[in-house]
Amino acid sequence: MSQENANTPAAPEPPNAPNTPEERSRPVLLYVGVMFAVATLLLLLSFLMQQRNHEDLMRSMTKVQSIVDLELENQTLTQKLEAAETQIDTLSAALTEAEAQTEARAAEALALTALMEIRSAYEGGQRSAAQTLYDSFPGLEEHLSAEALPNIDWLPSPLWVYTQLKAQLGAS
């Protein structure tokens, strides 16, 4: 067999086969270059996708922040509304009380005016006019104060004056 190996001619080399190591490494360098270019393109594509995702995330975060801001503003406005409603209720109650006091003062002023007219007629000797005035103001004593008028301590209370006039007019 050793003779057969020696007699068999070596396989002929193809005519385009690279003979030098530089020529043999050229396809490997081309393969590495292509792979590097593909890797670079994939990295660029990955970077662009990441940028797009980052921009989407930033838009989402901006929207979430806007929602949070709106919720805080809504909460603040709700608190202000509740405070305003409480203030309205307080002022409404104060107004109702002031109106009641005004009505009471007006009724008291009317009662004092009527008492003054009755007393003037009675002291002027016009008993029948005083009696007519007395009859025209029923329930007058409900609006007269049992206390003396302020700053006039020496004058008797309006209710006392009315009681005295009532007794004198009822006696006649």
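Start with Asp56. Asp56 is partly exposed, at 30% relative accessible area. On this scale, buried means under 20%, exposed means over 50%, and partly exposed lies in between, with a 1.4 Å probe and protein chains only. Its partner is Arg59: the two side chains meet in a salt bridge, 2.3 Å from N to O. A salt bridge here is a side-chain nitrogen of Lys or Arg within 4 Å of a carboxyl oxygen of Asp or Glu. Arg59 is also partly exposed, at 48% relative accessibility. Both residues sit in helix 2, three residues apart, about one turn of the helix. Helices are DSSP runs of H or I, at least four residues, numbered from the N terminus.

A word on the basis. This is a predicted model, with residues numbered from 1 along each chain as its sequence is written. Local features need pLDDT of at least 70 and side-chain atom pairs count only at 80 or more, totals for chains, interfaces and linings use all residues, and side-chain values use heavy atoms, leaving out hydrogens and water.

How many salt bridges does the structure hold? Two. The other pairs Glu123 with Arg119, at 2.9 Å, N to O. These residues are four apart in helix 2, so about one helical turn separates them. Glu123 is exposed, at 56% relative accessible area. Arg119 is partly exposed, at 34%.

Now the core. A nonpolar core is a set of buried Ala, Val, Leu, Ile, Met, Phe, Trp, Tyr and Cys residues joined through side-chain atoms within 4.5 Å. The largest one has 14 residues, and Ile118 and Leu140 touch the most other members. Helix 2 (21-123), helix 3 (127-136) and helix 4 (158-171) each give two or more residues to this core. Helix 2 gives the most, with six.

What does Ile118 touch? Leaving out residues up to four places away in sequence, Ile118 touches Ala130, Leu133, Tyr134, Phe137, Leu140, Leu165 and Leu169. Contact means heavy atoms within 4.5 Å.

Next, the surface. Leu30, Val34, Val38, Leu42, Leu45 and Met49 make a nonpolar patch of about 580 Å². Patch residues have over 30% relative accessible area and no salt bridge, and nonpolar side chains are joined within 5 Å. Take Val34: it lies in helix 2 and is partly exposed, at 46%.

Last, confidence. pLDDT is the predictor's confidence in each residue, from 0 to 100. The chain's mean is 84, and 84% of its residues reach 70 or more. Where pLDDT is low, the predicted coordinates should not be read in detail.

Note on methods:
Patches are made of residues with over 30% relative accessible area and no salt bridge: like charges are joined within 9 Å, nonpolar side chains (Val, Leu, Ile, Met, Phe, Trp, Tyr) within 5 Å. Accessible areas come from the Shrake-Rupley method with a 1.4 Å probe; for residues, only the protein chains shown count as cover.
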